[in-house]
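Thanks for coming, everyone. I'll walk through one structure today. Please have it open on your screens.

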Amino acid sequence: MRRILVVILMLCQGFSIAAQTPREALKQLYKATNGKHWHRHEGWMTRKPIGEWEGITCNDKGEIVKIELAENNLQGKLPDIFDAFPSLEQLLLRSNSIKGELPPSLARLEKIRRIDVRGNRLSTTTLHVPRESIDKVARSIICYPQQESHYDFRLFVDCEIDKIAPQGYHPDGYCRIYQKATEGAGVDIFIVGDGYDKAEYAVGGTADYWLERAAEAIFEIEPYKKLRSLFNVYIVYAHSPERGVGLFDNERASRFGYWQRKPTQMSNAGFNRQEVFDLCKQGLESIGRKDIPTTLYVEMVVNCTSTGLYRGMMYSRRIYEGNGEYMLRVALNPTNPTGFNSLIWHEFGGHCFGEMRDEYVPRKGASERLFKGDKLSANLDTESDPKLVKWARFIEDPRYAHENIGVYRGGGARYTNVYRATETSILRQGGNSKLRFNAPSRAEIYRKTMEMAYPGWKFDYEEFVKFDLK
């Protein structure tokens, strides 16, 4: 009888929380975060309309659409009351002293666009959501950095399947043939993840969501879209002892040891290159492949919802194995839904596989110069004469007039005498989903892919134009 009463009481309490009014929920927020000591709390806990309470904005229907309490000395844990605000679009709580985990109800806000909780004292939080909500929830929460004493904070927006894993888990070291080339010799691409523990490798779960999304992103942009049939894509699963990766001064026991010490300031990270090479090699051997490519092209998805942190990077290193010498090229992209796909275009498509350099304009005060003839990637030149520049044929070709191909100063950021072919492109501004590769870059990616897929193949400009403009 006592157990029945407890269950009834719990159900009643649950109903009460779910059905609480916005005013009751705000009062609970006030009490839980030491409202009496807020810097600003005019109107709170009074009978005034809640739209007149400090930091509360309502729409014409009287529904709360914005809660703005940044830099207001909130202390304590956020209560799980946000289901009471179904129309909430913005929750701005930056630079307070909020501690504990983020409440699950934040992940259920259907209209939310921005949750800013940077500069607090939050504890590592995992929010489990339906697969189709991962992008939306992760995109909305801006959480890095926390206060310096809480740099160990991590946010994980994970698939709810991880908790039950109905189809089991992908084994550590398992190599999945995500795509098999249907034409040519097959150009190999590897997709791996760092900072995913076993629970996140549930079949169809969090790791699959991001690794598959990375694989698809590569082929969303031309010329990769038209060349897709020439590629083998392998997803190789690697369990990490600990969830997440190293950020700031807080290391994580991730499989490849990814560690970004100054993620708000610069594009620089360390990771174990040999471990990445070994995993890809073992993955190929596990499916009967003994021919290891002399260059391995790897897209590494880093398990960090890095809203507010520095974005992607690319590294190239030589690996020596027995009597062999290999080149390992790795693009690194965090699970940042804001620009995730376009950052992969930039880092993997442009730098890692395309082997092209940034098209950034020179930084203020740049003074370095390259000598004419110094080796540059196909998308840059030290030559400024439109008739002599590498992409002169594109400039002269009326079929490419719509791209405004010319000679524009800027490439590599440091140099004052380097030029690019178009005013802007995905190699100038990674993370911008509206930008694409320009024609000279597309031609280089096409050339390289065809040479790898068809040994002995030779580039022909007119054949490329036919391919490119069809």
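Helices (H or I, at least four residues) and strands (E, at least two) are DSSP runs, numbered from the N terminus.

Some ground rules. This is a predicted model: local features need pLDDT of at least 70, side-chain atom pairs count only at pLDDT 80 or more, and totals for chains, interfaces and linings use all residues. Residues are numbered from 1 along each chain as its sequence is written, and side-chain values use heavy atoms, with hydrogens and water left out.

Let's begin with α10. At its start, a side-chain oxygen of D460 comes to within 3.2 Å of the backbone nitrogen of E462. The helix covers residues 461-469, and Y461, F464, V465, F467 and D468 are buried there. Buried means under 20% relative accessible area, with a 1.4 Å probe and protein chains only. Those five lie on the same side of α10, because they cover an arc of only 165° around the axis. The arc is taken from the directions from the helix axis to the C-beta atoms. What covers them? The cover includes α5 (224-227), α8 (392-396) and α9 (439-453). Contact here means heavy atoms within 4.5 Å.

Next, a sheet. It is open, has five strands in the order β1-β2-β4-β6-β9, and its pairing is mixed. Its edge strands, β1 (56-58) and β9 (141-142), each pair on one side only. Pairing needs at least two DSSP bridges between two strands. β6 (residues 114-116) and β9 run parallel, joined by two bridges. In β9, I142 is the bridge partner of D116.

Now Q260, in strand β15 (residues 259-260). Is Q260 buried or exposed? Q260 is buried, at a relative accessible area of 3%. Its side chain makes a polar contact of 2.8 Å with that of Y258. Beyond neighbours within four places in sequence, Q260 is in contact with residues including G246, F248, M266 and Y310.

Last, the lining of the largest pocket. Which helix gives the largest share? That is α7, with four residues. β17 (313-321) and α7 (340-353) each supply at least two.

That's my tour. Questions, please.

Definitions and conventions. Buried < 20%, exposed > 50% of the residue type's maximum accessible area, 1.4 Å probe, protein only. Polar contact = N/O pair within 3.5 Å; in protein donor to acceptor, adjacent residues only side chain to side chain.
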